[in-house]
Amino acid sequence: MASSKQIAFKCQAENVAFLKCKKNDPNTEKCLDKGQQVTRCVLGLLRDLHQKCTKEMDEYVGCMYYNTNEFDLCRKEQEAFEKACPLE
């Protein structure tokens with residue numbers, strides 16, 4: 001949840017391709033490669049975020065976990081995280 005904006009921004013093309021595949025073909029096996037591309041993108045992004053802004057990400061994730069993913073209760077941590085790792 002804490003990195004949802006970054007995932008939506010960085011992995012948009014992979015997500016759109018996967019959703020189009022699922023919409024156009026009821027056979028889910030046909031879309032496995034698209035799903036793997038989404039997973040690869042997200043895992044790569046999370047690894048990069050954790051390397052670039054470890055402290056800010058850990059604090060934001062911790063706040064979100066403690067507050068059951070209530071964004072409103074973690075705005076200070078969110079701001080620090082997004083400043084340290086802005087959308088590019």
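**The disulfides**

Biologist: Is the disulfide of Cys-11 and Cys-41 left-handed or right-handed?

Modeller: This is a predicted model, in which local features need pLDDT of at least 70 and side-chain atom pairs count only at pLDDT 80 or more, while totals for chains, interfaces and linings use all residues. Residues are numbered from 1 along each chain as its sequence is written, and side-chain values use heavy atoms, leaving out hydrogens and water. The torsion about the S-S bond of Cys-11 and Cys-41 is about -95°, so this disulfide is left-handed.

Biologist: How many residues apart in sequence are the parts that Cys-11 and Cys-41 tie together?

Modeller: Cys-11 lies in the loop between helix H1 (4-10) and helix H2 (12-24); helices are DSSP runs (H or I, at least four residues), numbered from the N terminus. Cys-41 lies in helix H3 (residues 32-52), so the separation in sequence is 30 residues.

Biologist: Is Cys-41 buried or exposed?

Modeller: Buried means under 20% relative accessible area, exposed over 50%, and partly exposed in between (1.4 Å probe, protein chains only). Cys-41 has 16% relative accessibility, so Cys-41 counts as buried.

Biologist: How far apart are the sulfur atoms of Cys-63 and Cys-74?

Modeller: A disulfide is a pair of cysteine sulfur atoms within 2.5 Å. Cys-63 and Cys-74 form such a pair, with their sulfur atoms separated by 2.1 Å.

Biologist: What is the pairing of the bonded cysteines in sequence order?

Modeller: The search of the whole structure finds four disulfides. With the bonded cysteines of the protein numbered in sequence order, the pairing is 1-4, 2-3, 5-8, 6-7.

Technical notes:
Helix = DSSP H or I, 4+ residues; strand = E, 2+ residues; numbered from the N terminus.
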